[in-house]
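Subject: Structure for you to look at

Hello,

Here is the structure I promised to send over. Please open it alongside this message and follow the residues as you read.

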Amino acid sequence: MISALPASRAGRASADASATAWALAARGGDPDAADHFVRALHGDVLRYVTYLSGDPQAAHDLTQDTFARAFGSLGCFEGRASARTWLLAIARRAVADSLRRAAVRPRIADAVDWRTAQERSQPPGLPGFDDGVALLDLLENLSDERREAFLLTQVVGLSYEEAAGFVGCPVGTVRSRVSRARRTLERLLREAEAASAVAA
């Protein structure tokens, strides 16, 4: 069964408070705080852009682009929202811009053995290549709104309240989207498992 990340709400709130404090200190020119800020949120951004973009090969570039944009606009960050929510909004725009560019000018993979390269670059904590592709395929069956709500709460680990603030809709709407996404994904998994059993 698909479940949320194991972080407790209190632990996540503490981590968010620390990341926000580091972002504010980095805005003031503290290089150590900037390093802590990146380390604290790098994994969340990488997971988010990997699944939102549907392009695991581009995930590291999109993550770097997100942090470059964040540091470029860090002077505007005032800590009204958590640094993680602010950074994920930037990541969302980076992915949207990347998809627009790809639609105009498709990219050609420059690696001969792209699958091996991807597996070697896969950070700890993410599913293996085959699992990742399978999840991406399943997520493609969801509407954009349900997919984003699922990713934010179940992959990135935002609370329903944080996700609602992030996408600009009521908390109940996020809960409904996640619930429907979960039911769809679980049904698709059961169907895939049944088909594998028949084939075996």
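Start with the outward face of helix α3. Turned away from the buried side of α3, this face carries the exposed residues Asp61, Gln64, Ala68 and Gly72. Keep in mind that this is a predicted model. The buried residues of α3 are Ala59, Leu62, Thr63, Thr66, Phe67 and Ala70. They lie on the same side of α3, because they cover an arc of only 135 degrees around the axis. The spacing fits a general rule. An α-helix has 3.6 residues a turn, so residues three or four places apart point the same way. Helix α3 itself runs over residues 59-72, 14 residues in total. From first C-alpha to last, α3 reaches 20 Å, close to the 20 Å expected at 1.5 Å a residue.

Now the whole chain. The protein chain has nine helices and zero strands. Along the sequence the pattern reads α-α-α-α-α-α-α-α-α. Of the 200 residues, 36% are buried. Take the contacts between residues at least 6 apart in sequence: 67% of them join residues at least 24 apart.

Next, the nonpolar cores. The largest one has 35 residues. Phe37 and Leu88 have the most contacts inside it. The elements giving two or more residues to this core are α1 (9-27), α2, α3, α4, α7, α8 and α9 (171-199). Helix α2 gives the most, with eight residues. What does Leu88 touch, leaving aside its neighbours within four places in sequence? The contacts of Leu88 are Asp44, Val45, Tyr48, Leu152, Val156, Leu158 and Phe166. Another core, of 10 residues, lies apart from the largest one. Its members include Tyr51, Leu142, Val155 and Ala181.

On to charge pairs. Side chains of opposite charge can pair when their charged atoms come close. A search of the whole structure finds 12 salt bridges.

- Arg39 and Asp35: the closest N and O atoms are 2.9 Å apart. Both residues lie in helix α2 (residues 31-53), four residues apart, about one turn of the helix. Arg39 counts as exposed, because its relative accessibility is 62%. Asp35 is partly exposed, at 35%.
- Glu162 and Arg84: their side chains meet in a salt bridge at 3.8 Å, N to O. Glu162 lies in helix α8 (residues 160-167) and Arg84 in helix α4 (residues 83-104), so this pair ties together parts 78 residues apart in sequence. Arg84 has 5% relative accessibility and therefore counts as buried. Glu162, at 21%, counts as partly exposed.
- Arg92 and Glu148: this salt bridge has an N to O distance of 2.8 Å. The pair links distant parts of the chain, with Arg92 in α4 and Glu148 in helix α7 (residues 144-156), 56 residues apart. Glu148 is buried, with a relative accessible area of 11%. Arg92 is partly exposed, at 31%.

There is also a network. Salt bridges that share partners join Asp16, Asp44, Arg47, Arg84 and Glu162. Two of these names have come up already: Arg84 pairs with Glu162. Asp44 is also one of the residues in contact with Leu88.

Then helix α8. Which residues of α8 are buried? They are Ala163, Ala164 and Phe166. These residues sit on the same side of α8, because they cover an arc of only 160 degrees around the axis. Phe166 is also one of the contacts of Leu88. Just after α8, Gly168 takes a positive phi of about 75 degrees.

Is Thr20 buried or exposed? Thr20 counts as buried, because its relative accessibility is 11% and the cut-off for buried is under 20%. Not counting residues up to four places away in sequence, Thr20 touches Phe77, Gly79, Ala81, Ser82 and Ala83.

Best wishes

Conventions
Residues numbered from 1 in each chain as written. Predicted model: local features only at pLDDT ≥ 70, side-chain atom pairs only at ≥ 80, totals over all residues. Heavy atoms only, no water. Expected span 1.5 Å × (residues − 1). Buried < 20%, exposed > 50% of the residue type's maximum accessible area, 1.4 Å probe, protein only. Arc of directions from axis to C-beta. Salt bridge = Lys/Arg side-chain N within 4 Å of Asp/Glu carboxyl O. Core = buried A, V, L, I, M, F, W, Y, C linked by side-chain atoms within 4.5 Å. Contact = heavy atoms within 4.5 Å.
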